[in-house]
Amino acid sequence: MRDDTAEVGHGTANVTDREGNVHSVAFTEGHSLMESIRDAGIPDILALCGGVNSCATCHVIVDEDWQDAVGPATGDESDLLETSSLVTPRSRLSCQVALTARLDGLSVTIAPED
Ligand code: FES
C-alpha cells in the first residue's frame, strides 16, 4: 500500500533476501531497483553487468499486489529472463525497474540463484 505521507520523489521498497529476511530499502526516484538494493548492501544481487540488461543476476520476483504497478518484463529483458530456469510470470530484472514515488511500498523477493 502506498504511504501518502512519503516525501515526493522518495520511497521504500521491501526486499526479501534469499534467506527470507525482509529489508526496508530506501530509494530515490529515478534510480533503478537494482541500484537501490545494491546500495542497501544486500549481497544477493550481484548485478554483474552493472545494470545494462545483459547478465540476469539482478532477478527479482515482484509481489503479486505490485505486479500491475511494476508491469511485466518486455523486449530484451523478457528474452534474457527466458534463459533462466527460474523465471516466473512476476519476474523482473531489477536493473530495468525504474523507481518512482508511486512504487513506494513495493515488495519484491530476490530470486534464487540460477
Ligand atoms: S544487472 Fe545485469 S541484467 Fe540487471
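Trainee: Where does Cys-55 lie?
Mentor: In this predicted model, Cys-55 is in the loop that runs between helix H1 (33–39) and strand E3 (59–62).

Trainee: Which residues does Cys-55 touch?
Mentor: Leaving aside residues up to four places away in sequence, Cys-55 touches Leu-48 and Cys-49.

Trainee: What separates Cys-55 from Ser-24?
Mentor: Their C-alpha atoms are 25 Å apart, and the two residues stand 31 residues apart along the chain.

Trainee: Changing topic, how many residues are in the largest nonpolar core?
Mentor: That core has 23 residues, and Ala-13, Leu-33, Val-60 and Val-108 have the most contacts inside it. At least two residues come from each of strand E1 (10–16), strand E2 (22–28), H1, E3 and strand E5 (107–110).

Trainee: And what does Leu-33 touch?
Mentor: Beyond residues up to four places away in sequence, Leu-33 touches Ala-13 and Val-60, together with Ser-94, Val-97 and Leu-99.

Trainee: How many helices and strands does the chain have?
Mentor: There are three helices and five strands, in the order β-β-α-β-α-α-β-β along the sequence.

Trainee: What about the overall dimensions of the C-alpha trace?
Mentor: Along its principal axes, the trace spans about 40 × 25 × 25 Å. The radius of gyration is 13 Å, which agrees with the value near 13 Å for a compact globule of 114 residues.

Trainee: What share of the residues counts as buried?
Mentor: Of the 114 residues, 30% count as buried.

Note on methods
Residues numbered from 1 in each chain as written. Predicted model: local features only at pLDDT ≥ 70, side-chain atom pairs only at ≥ 80, totals over all residues. Helix = DSSP H or I, 4+ residues; strand = E, 2+ residues; numbered from the N terminus. Contact = placed C-beta atoms within 7 Å. Core = buried A, V, L, I, M, F, W, Y, C linked by C-beta atoms within 7 Å. Buried ≥ 20, exposed ≤ 12 C-beta atoms within 10 Å, placed from the backbone. Rg over C-alpha atoms; globule rule 2.2 N^0.38 Å.
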